[in-house]
Amino acid sequence: MTNSIKRHESLYSLSHHHHHGLFLSLNLKRVNTEKARYTAEKVLEDTRNFWNPGGIQHFREEEEILLPAFAQFASVDIPEIKTMLIDHVRIRTMMDKVTNAKAPDVEEMQHLGALLENHIRTEERIIFPMIERALPEEKLQELSYFLHVND
């Protein structure tokens, strides 16, 4: 959970992974700046560890489990969901580019950090609350069995 937002227990694993993502995004944005706490190589290693398999699984759970459940009770044809899915494509593309690079690309890492942070904050502040309001308690409880992002 991030910023003391009350989250339904079925979404804890996704929110917990978001917490790790926010920490990573901060380090990505700070690469090679005076605020950097880690070397670019260390942040690149952390990015690889965050993304594979946890980040990949996280996106799959949101796209294949969470959003279809939401679609049973509300329209997914809304700007917030479209933006979320477009962000997923952009983040996947940037993760592949950054994590497969032979050496850290500082500019790409910083850009990825900003994109990742904005995406996570949107999900936590807008998307997840929208889903929690739309889904009945029974459906939220059912999701608990399927959402288990590995860190």
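Accessible areas come from the Shrake-Rupley method with a 1.4 Å probe. On this basis the protein chain of the predicted model has an accessible surface of about 8,100 Å², and carbon and sulfur atoms account for 53% of that surface. Of the 151 residues in the chain, 43% are buried.

The secondary structure consists of 5 helices and 0 strands, which gives the pattern α-α-α-α-α when the chain is read along its sequence. The C-alpha trace spans about 45 × 25 × 25 Å along its principal axes. The radius of gyration is 16 Å; because a compact globule of 151 residues would have a value near 15 Å, the chain agrees with that expectation. Among contacts between residues at least 6 apart in sequence, 76% join residues that are at least 24 apart.

Charged side chains were counted next. The protein chain carries 18 positive and 24 negative side chains.

Helix α1 covers residues 12–30 and includes Ser25. The relative accessibility of Ser25 is 1%, and Ser25 is therefore classed as buried, since buried means under 20% relative accessible area. With residues up to four places away in sequence left out, Ser25 touches Gly113, Leu116 and Glu117.

The loop between α1 and α2 contains Asn32. In contrast to the buried Ser25, Asn32 is exposed, because its relative accessible area of 59% falls in the range over 50% that defines exposed residues. The backbone at Asn32 has a phi near 60°, a positive value in a residue other than glycine. Most residues other than glycine have a negative phi, and most peptide bonds are trans.

A cis peptide bond is found from Asn52 to Pro53, with omega near 10°. Pro53 belongs to helix α2, which runs over residues 40–71.

A search of the whole structure for aromatic pairs returned 1 pair. This pair is formed by Trp51 and Phe59, with a distance of 5.3 Å centre to centre and an angle of 80° between the planes. The arrangement is edge-to-face, a class that applies because planes over 60 degrees apart are counted in this way. Both Trp51 and Phe59 are buried.

Technical notes:
Residues are numbered from 1 along each chain as its sequence is written. This is a predicted model: local features need pLDDT of at least 70, side-chain atom pairs count only at pLDDT 80 or more; totals for chains, interfaces and linings use all residues. Side-chain values use heavy atoms; hydrogens and water are left out. Helices (H or I, at least four residues) and strands (E, at least two) are DSSP runs, numbered from the N terminus. The radius of gyration is taken over C-alpha atoms; the globule rule is 2.2 Å times the number of residues to the power 0.38. Buried means under 20% relative accessible area, exposed over 50%, partly exposed in between (1.4 Å probe, protein chains only). Contact means heavy atoms within 4.5 Å. Lys and Arg count as positive and Asp and Glu as negative; His and the chain ends are not counted. The place of a charge is taken as NZ of Lys, CZ of Arg, CG of Asp or CD of Glu. Rings of Phe, Tyr and Trp (its six-membered ring) pair if their centres lie within 6.5 Å; planes under 30 degrees apart count as stacked, over 60 as edge-to-face and the rest as tilted.
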